[in-house]
Amino acid sequence: MTHDRTRLSCDIRPATPEMLPEILSLEEACFSSPWTRKMLESELMGNQFAHFLVAMQQEASSTGEKSAIVGYHCFWIVFEELRLMNLAVRESVRRQGIGTALAAEAFRVALNHAATRAVLEVRASNTPARFLYTTMGFIQVGTRPQYYSNPLEDAVLMEMNPLVMPSGRQNGPPCRAGGESTSTDSL
Ligand SMILES: CC(C)(COP(=O)(O)OP(=O)(O)OC[C@H]1O[C@@H](n2cnc3c(N)ncnc32)[C@H](O)[C@@H]1OP(=O)(O)O)[C@@H](O)C(=O)NCCC(=O)NCCS
């Protein structure tokens, strides 16, 4: 499959409640069983373990340039454990390292919170995500039969233990973390 390897720059920063509509539309475009607005809202505002990052890129609009959300990542840090929850990148900008950069930023935040291992579940048929996580250093540790619905499908359980910064991309991530003055560490 051909894909655009141009590595456009983007910023990774904490999500804010005002970003919810844009995140929801990305969520709905990327998943067959998307999280609802209410679920996203409670992760963003009501879950003490949840952290939420967005990847933003400048793009042309009728009024000039505007910043658009091209990816997002929700992850939990539960004591020593990083749990990667939802990770999504707009289809038109995939294979440019944005998914890796979002996950890598989650690793950085988790290591700063003294997390020591990382876990996730992914649909068995989700080859892009499984490749991404494997590239980052996750290994498959089990399956959960018929765990997902719409469509019914097994979950593959993946783990990285101990948690270390991923070494997948040798040419560096395309995204700058934090934006002008916002630190993702405060999430
Ligand atoms: C999974 C997803 C987040 C990856 O985002 P991305 O920005 O395209 O990922 P990256 O560019 O960082 O890819 C990193 C590596 O993952 C692997 N990968 C990503 N997409 C792939 C694909 N379609 N086929 C094979 N490998 C793929 C490759 O090894 C890639 O490295 P390379 O491009 O140097 O070969 C994106 O495909 C997506 O949003 N999918 C829909 C939502 C989803 O399934 N989320 C994950 C489950 S929570």
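Reader: Where in the chain is the place of valine 109?
Author: Valine 109 sits in helix α3. Helices here are DSSP runs of H or I with at least four residues, strands are runs of E with at least two, and both are numbered from the N terminus. Before we go on: this is a predicted model, in which local features need a pLDDT of at least 70, side-chain atom pairs count only at pLDDT 80 or more, and totals for chains, interfaces and linings use all residues. Residues are numbered from 1 along each chain as its sequence is written.

Reader: Why is valine 109 called buried?
Author: Let's set the value against the cut-offs. A residue is buried if 20 or more other C-beta atoms lie within 10 Å of its own, exposed if 12 or fewer do, and partly exposed in between, with C-beta atoms placed from the backbone. Valine 109 has 22 other C-beta atoms within 10 Å, so it counts as buried. Leucine 82 is 27 residues away from valine 109 in sequence, while their C-alpha atoms are 9.4 Å apart in space. Over the protein chain, buried residues make up 32% of the 187 residues.

Reader: What makes cysteine 30 partly exposed?
Author: Cysteine 30 has 17 C-beta neighbours inside 10 Å, so it falls in the partly exposed class. This residue belongs to helix α1. Cysteine 30 and glutamate 91 are 61 residues apart in sequence, yet 7.8 Å apart from C-alpha to C-alpha.

Reader: How do you know which strands form the sheet, and in what order?
Author: Strands of a sheet pair through backbone hydrogen bonds, either parallel or antiparallel. The test for a pair is that DSSP finds at least two bridges between the two strands. Here eight strands form an open sheet with mixed pairing, in the order β6-β7-β5-β4-β3-β2-β1-β8.

Reader: Why do β6 and β8 stand at the edges?
Author: β6 (139-148) and β8 (175-177) each have a single partner strand, so one side of each has no neighbour in the sheet. From one strand to the next, the twist averages 30 degrees. For such angles, axes are lines fitted to C-alpha atoms (for helices over the stretch in contact), and the values run from 0 to 180 degrees between N-to-C directions.

Reader: How do you know that β1 and β8 pair?
Author: They share three bridges, in the parallel sense. At least two are needed, so the pair qualifies. Isoleucine 12, for instance, stands opposite alanine 177 in β8. β1 (residues 10-14) also pairs with β2, here in the antiparallel sense over four bridges. There, proline 14 stands opposite leucine 53, and aspartate 11 has methionine 56 as its bridge partner.

Reader: What joins β2 to β3?
Author: Twelve bridges join these antiparallel strands, and the two form a hairpin with two residues between them. In this pairing, glutamate 59 has lysine 66 of β3 as its bridge partner. Elsewhere in the sheet, β5 (residues 117-123) and β7 (residues 153-160) run antiparallel and are joined by six bridges. Alanine 118 stands opposite methionine 160 in β7.

Reader: Which strands does helix α1 touch?
Author: Helix α1 (residues 20-30) packs on the sheet and touches β2 (50-61), β3 (64-78) and β4, with its direction at about 75 degrees to that of β3. A contact means that the C-beta atoms of two residues, placed from the backbone, lie within 7 Å. Another helix, α4, lies across β5 and β7 and runs at about 165 degrees to β5.

Reader: Which residues come nearest to the ligand?
Author: Of the 21 residues around the ligand, the nearest are Arg94, Gly99, Thr100, Pro128 and Leu132. The elements giving two or more residues to this shell are β4 (81-89), α3 (98-112) and α4 (127-136). Being near means that a C-beta atom, placed from the backbone, lies within 6 Å. α4 gives the most, with six residues.

Reader: How do you know where to be careful with pLDDT?
Author: pLDDT is the predictor's confidence in each residue, from 0 to 100. It stays under 50 over residues 1-6 and also over residues 179-183. Where pLDDT is low, the predicted coordinates should not be read in detail. The protein chain averages 89, and 86% of the residues score at least 70.
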